[in-house]
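Reader: I have a structure open and would like to go through it before setting anything up. Can you walk me through it?

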Amino acid sequence: MKHSFSTKIFKDTFKRINNSQQVDRTYVLNNFNETLINNCWEVLSQSILQNYQSGKATLIPKFGTFTFTSIELNLEGTTNQKTRDLKPRHPVFIISSDFAENLRPGIYTKTDGIIPYLQDKINNISINKINYSELALAINTTKSEFCTIIEYILKYIAE
């Protein structure tokens, strides 16, 4: 029976745990080709950017949501169609409560740091959940390898 590369890495990791050897995120990531890791991160970033450009949010489970601030209501210039239809929104990243311990969902501002921000404030913005299969196919790898790499990169960032 043939096992995937990710399965082999997990087995090796559990052997190290059972032998009381220390296992960190970099140990798992070092088992992958650096080019593959870079390609995974790049295709994930491009997906987020494409969603932003089409006016959509991107949800990455256990990490957060790349979205926009609520539309600011401005009644000034309501008789001018171009001014009235202009709805400025700013891109934000809402950190998931599952991302790191003792971290509440919020957005980062340069002046105040992380401030609480509830996801129910997202008005009329469609949210696309990241499709790992599609992204893995784009770089010619398996979904399990792609998920393993992204998961360990995000855990490394969380630490």
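**Fold and pocket**

Author: From the N terminus on, the elements run α-α-α-β-β-α-β-β-β-β-α-α. That gives 6 helices and 6 strands, where helices (H or I, at least four residues) and strands (E, at least two) are DSSP runs numbered from the N terminus.

Reader: What kind of model is it, and what pLDDT do local features need?

Author: This is a predicted model, in which local features need pLDDT of at least 70, side-chain atom pairs count only at pLDDT 80 or more, and totals for chains, interfaces and linings use all residues. Residues are numbered from 1 along each chain as its sequence is written, and side-chain values use heavy atoms, with hydrogens and water left out.

Reader: What volume does the largest pocket have?

Author: About 350 Å³. A pocket here is an open set of points on a 1 Å grid over the protein atoms alone, where a 1.4 Å probe fits, with protein on both sides within 12 Å along at least five of seven lines. The volume is the space filled by probe spheres set on the points, which are joined across faces, edges and corners.

Reader: Which residues lie nearest its centre?

Author: Pro61, Lys62, Glu151, Leu154 and Lys155, out of 14 lining residues; a lining residue has an atom within 4 Å of a point.

Reader: How many salt bridges does a search of the whole structure find?

Author: It finds 1, counting a side-chain nitrogen of Lys or Arg within 4 Å of a carboxyl oxygen of Asp or Glu. The side chains involved are those of Lys155 and Glu151, at 2.7 Å, N to O. Lys155 and Glu151 are 4 residues apart in helix 6, so about one helical turn separates them.

Reader: How accessible is Lys155?

Author: Lys155 is partly exposed, because its relative accessibility is 31%. Glu151, at 34%, is partly exposed as well. The cut-offs are under 20% relative accessible area for buried, over 50% for exposed and partly exposed in between (1.4 Å probe, protein chains only).

Reader: Back to Lys62. Where is it found?

Author: Lys62 is in the loop between strand 1 (57-60) and strand 2 (64-68). Lys62 is exposed, because its relative accessibility is 62%. Its phi is positive, about 65°, although Lys62 is not a glycine.

Reader: And Asn140, what is its phi?

Author: Near 60°, a positive value in a residue other than glycine. Asn140 lies in the loop between helix 5 (132-138) and helix 6.

Reader: Now Ser96: why does it count as buried?

Author: Because its relative accessibility is 14%. Ser96 lies in the loop between strand 3 (91-95) and strand 4 (106-109). Leaving aside neighbours within four places in sequence, Ser96 is in contact (heavy atoms within 4.5 Å) with Lys62, Phe63, Gly64 and Leu103.
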